[in-house]
Amino acid sequence: MDDGGLAGHLRRRIAVEGPISVAAFMGDALGHPQHGYYITADRFGAAGDFVTAPEISQMFGELIGLWCAHTWSAMGAPDQVNLVELGPGRGTLMRDALRAAAMVPQFRHAARVHLVETSPVLRERQRELLAPALGERPPRWHDALAGVPDGPLLVIANEFFDALPIRQFEKTAHGWTERMVDFDEAEGCFRFVLDRRPGPVEALIPAAIREAPPGSVFEACPAAMAVAHELGVRLAASGGAALIVDYGHPVSAAGETLQAVRRHAFVPVLEAPGTADLTAHVDFGMLADAARSGGARTWGPTTQGAFLAALGIRERAGQLRRRATPEQAADIDSAVHRLIDGSEMGTLFKVLALTDPRQEGAAGI
């Protein structure tokens, strides 16, 4: 194997440290400052490795923009609000959200856009795409949520949590142990192994899952729990709401969901790290628990299909269809189907809202 690039870095790391956690492997594969998957290129869209909801249709971002404007009003219409997107990709969702939010001029005037993004490549894409919408008040970029200034928050996180590094635990005949990543020198490839060192692994497994049969796998995402808890603390202290849209399961469950995608096709997880997207299903139950532990109220999760339908995606599609060519109308219908149908994104993707404890609901949920 070539000792250059990310694979070489990981091989040398394992030679020094011994087998590393799945979270460590995933963190380097996606976010290494020189070779990480998200750091080195724009991976979005039909020409990239995957397509997200904002790239499917402008309707997705528009409805979220109106959700933000409605929520801002329900917060008491503060003079300033930090409109934050976690992992904004190319900036497509934020562009469409701002265009729709212009229907509420007071909200657009109050909103200060903040983007939590670590990739220099994507920051430049976002700068270019959002310049027409923001003009002389450009977004501010941050490496983490902690960099966003104090004050009321409206946070959007679409397909953000699924890319945070997970730990994997496997049930053996002797109990739970952590799955690690090693390098097989004879075969010249990375492989999964079980951690042989003793440790307090059992405490990391939810009580309802501890008695799962041998061979079961449980995935936990400490980074996601930390972000959700931080959101809960900030929302409780300063007011506001967060909208989380991602694929995953509503309650904690055993199961292996870590996957790698390259050029819109699944590939082996450990093959050629840094060249494929690594993601895992979001545990919305644990996410909600972490947010509540920080002081937030939680609403949902509901399905993406039900959420978008409640916000009026069919009605918006009808408006667009009226001034569309037949080919464009067919594309609009196809987009609605992809976003809300149960055979597409409609049920796999969930929507969870977090609010400060004083709010009495969340639109669409």
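Predicted model: local features only at pLDDT ≥ 70, side-chain atom pairs only at ≥ 80, totals over all residues.
Biologist: How do the strands of a sheet pair in general?

Modeller: Strands in a sheet are held to one another by backbone hydrogen bonds, in a parallel or an antiparallel arrangement. Here an open sheet of 3 strands has the order 12-11-13, with antiparallel pairing. Strand 12 (265-267) and strand 13 (277-279) are the edge strands, each pairing on one side only. From one strand to the next, the twist averages 40°.

Biologist: How many bridges join strand 11 to strand 13?

Modeller: Strand 11 (residues 259-262) is joined to strand 13 by 3 bridges. Gln 259 has Thr 279 of strand 13 opposite.

Biologist: Where is Ser 252 found, and why does Ser 252 count as partly exposed?

Modeller: Ser 252 sits in the loop between strand 10 (240-249) and strand 11. Buried means under 20% relative accessible area and exposed means over 50%. Ser 252 counts as partly exposed because its relative accessibility is 26%.

Biologist: Which side chain makes a polar contact with the side chain of Ser 252?

Modeller: That of Asp 283, at 2.8 Å. Beyond four places in sequence, Ser 252 is in contact with Pro 206, Ile 209, Asp 283 and Met 286.

Biologist: Which residues touch the most other members of the largest nonpolar core?

Modeller: That core has 58 residues, and Leu 86, Phe 161, Phe 190, Leu 287 and Leu 354 touch the most other members. Another core, of 47 residues, lies apart from it and includes Ala 110 and Leu 130.

Biologist: What is Leu 354 in contact with, leaving aside neighbours within four places in sequence?

Modeller: Its contacts include Leu 231, Leu 235, Ile 244 and Arg 297.

How values were computed:
Residues numbered from 1 in each chain as written. Heavy atoms only, no water. Core = buried A, V, L, I, M, F, W, Y, C linked by side-chain atoms within 4.5 Å. Buried < 20%, exposed > 50% of the residue type's maximum accessible area, 1.4 Å probe, protein only. Contact = heavy atoms within 4.5 Å. Pairing = 2+ DSSP bridges. Helix = DSSP H or I, 4+ residues; strand = E, 2+ residues; numbered from the N terminus. Axes fitted to C-alpha atoms, helices over the stretch in contact; angles between N-to-C directions. Polar contact = N/O pair within 3.5 Å; in protein donor to acceptor, adjacent residues only side chain to side chain.
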